[in-house]
Amino acid sequence: MDVTLHLAQDPEADALLGRSPLAALTGMLLDQQIPMEWAFKGPATIVGRMGAEDLDAHEIAVMDPEAFAALLSEKPAVHRYPGSMAKRIQQLCQYLVEHYDGDAEAVWRGVGSGAELLRRLQDLPGFGKQKAQIFLALLGKQLGVRPEGWREAAGAYGEERSYRSVADITGPESLAKVRAHKQEMKAAAKAAKAAGK
């Protein structure tokens with residue numbers, strides 16, 4: 001895996017995401033309740049604080065939980081909720097060690113179908129159906145992982161030029177389109193809620 005991603009809007013952080021399957025998974029895990037760029041910059045921040053070249057599932061899985069939480073909590077914090085996200089990242093790494101010998105790319109390497117890939121992603125700690133579908137779409141659209149039926153398994157996120165999620169972000173212009181889509185969705189949800197009262 002060695003592609004150029006533009007999710008963190010930071011060259012160093014994006015380079016890590018493009019070459020490190022675990023960094024990409026970790027960024028996706030962090031992508032909730034904070035701006036997307038902040039989430040996807042998180043893996044590079046963690047790598048820097050660990051004094052490493054890449055994230056290592058084996059190393060993170062066995063780190064002292066308090067020490068790892070402290071690492072994420074340093075200013076600027078990796079996430080709005082650094083303690084709970086540190087726990088989730090460790091759970092993800094422990095799962096990868098247990099099921100894939102710590103090799104994040106093995107989650108999708110050689111997978112037979114989009115449905116199987118979706119199931120594998122949903123089995124990851126912290127990955128519900130929507131997060132799994134978005135990551136599956138990212139794999140298909142930008143990382144060349146396209147098992148049969150991947151678009152169908154990714155649902156609406158798999159549609160071409162849909163600008164719904166991180167899977168569609170390739171630069172500032174597409175980032176703006178995804179942001180606009182998310183604002184429309186929030187406004188529609190708010191209007192529907194108000195109408196239901």
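This note goes through the helix packing, the nonpolar core and a few individual residues of a predicted model.

1. Helices H2 and H3. Two packed helices are described by the angle between their axes and the distance between the axes. Helix H2 covers residues 21–30 and helix H3 covers residues 36–50, and their axes come within 8 Å of each other and cross at roughly 140°. Since angles over 145 degrees would count as roughly antiparallel, H2 and H3 are therefore described as oblique to each other. The crossing of this pair is right-handed. On the H2 side the contact is made by Ala23, Ala24, Thr26, Gly27, Met28 and Leu30, while H3 brings Ala39, Phe40, Gly42 and Pro43. Sorted by class, the residues of this contact are seven nonpolar and three polar, with no charged residue among them.

2. Helices H2 and H8. Helix H2 also packs with H8, here at an angle of about 140° and with the axes 11 Å apart. That angle makes H2 oblique to H8, and the crossing is right-handed. The residues that make the contact are Ala24, Leu25, Met28 and Leu29 from H2, together with Lys131, Ile134 and Phe135 from H8. Six of the residues in this contact are nonpolar, none is polar and one is charged.

3. Alanine 24. This residue deserves a point of its own, as alanine 24 lies in helix H2 and is listed both in the contact of H2 with H3 and in the contact of H2 with H8. Is alanine 24 buried or exposed? Its relative accessibility is 1%, and because buried means under 20%, alanine 24 counts as buried.

4. Helices H7 and H8. Helix H7, made of residues 114–122, packs against helix H8, made of residues 129–142, at an angle of about 125° and with the axes 9 Å apart. H7 and H8 are therefore oblique to each other, and their crossing is right-handed. Gly114, Leu117, Leu118, Leu121 and Gln122 make the contact from H7, and they meet Lys129, Ala132, Gln133, Phe135, Leu136 and Leu139 from H8. By class, this contact holds seven nonpolar residues, three polar residues and one charged residue.

5. The nonpolar core. The largest nonpolar core of the model has 65 residues, and those with the most contacts inside it are Leu25, Leu96, Leu121 and Phe135. Which helix gives the most to this core? Helix H6, which runs over residues 82–100, does so, with eight residues. Leucine 121 shows how parts of the chain meet: with neighbours within four places in sequence set aside, leucine 121 is in contact with Leu25, Val107, Phe127, Ala132, Phe135, Leu136 and Leu139.

6. Aspartate 168 lies in the loop between helix H9 (150–154) and helix H10 (172–196). Although it is in a loop, aspartate 168 counts as buried, with a relative accessibility of 7%. Not counting residues up to four places away in sequence, aspartate 168 touches Lys141, Gln142, Glu159, Ser162, Tyr163, Ser174 and Val178. Tyrosine 163, one of these partners, lies in the loop between H9 and H10 as well. Tyrosine 163 is partly exposed, with a relative accessible area of 23%, and its phi is positive, at about 50°, although it is not a glycine.

7. Two backbone details worth checking by eye. What kind of peptide bond joins lysine 75 and proline 76? The bond is cis, with omega at about -10°, and proline 76 has its place in the loop between helix H5 (65–73) and H6. Further along, aspartate 101 has a phi near 50°, which is a positive value in a residue other than glycine. Aspartate 101 lies in the loop between H6 and H7, and with a relative accessible area of 59% aspartate 101 is exposed.

Note on methods
Residues are numbered from 1 along each chain as its sequence is written. This is a predicted model: local features need pLDDT of at least 70, side-chain atom pairs count only at pLDDT 80 or more; totals for chains, interfaces and linings use all residues. Side-chain values use heavy atoms; hydrogens and water are left out. Axes are lines fitted to C-alpha atoms, for helices over the stretch in contact, and angles run from 0 to 180 degrees between N-to-C directions. Helices (H or I, at least four residues) and strands (E, at least two) are DSSP runs, numbered from the N terminus. Angles under 35 degrees count as roughly parallel, over 145 as roughly antiparallel, 65 to 115 as roughly perpendicular and the rest as oblique. A crossing is left-handed if the near helix is turned anticlockwise from the far one by less than a right angle, and right-handed if clockwise. Contact means heavy atoms within 4.5 Å. Ala, Val, Leu, Ile, Met, Phe, Trp, Tyr, Cys and Pro count as nonpolar, Asp, Glu, Lys and Arg as charged, and the others, Gly among them, as polar. A nonpolar core is a set of buried Ala, Val, Leu, Ile, Met, Phe, Trp, Tyr and Cys residues joined through side-chain atoms within 4.5 Å. Buried means under 20% relative accessible area, exposed over 50%, partly exposed in between (1.4 Å probe, protein chains only).
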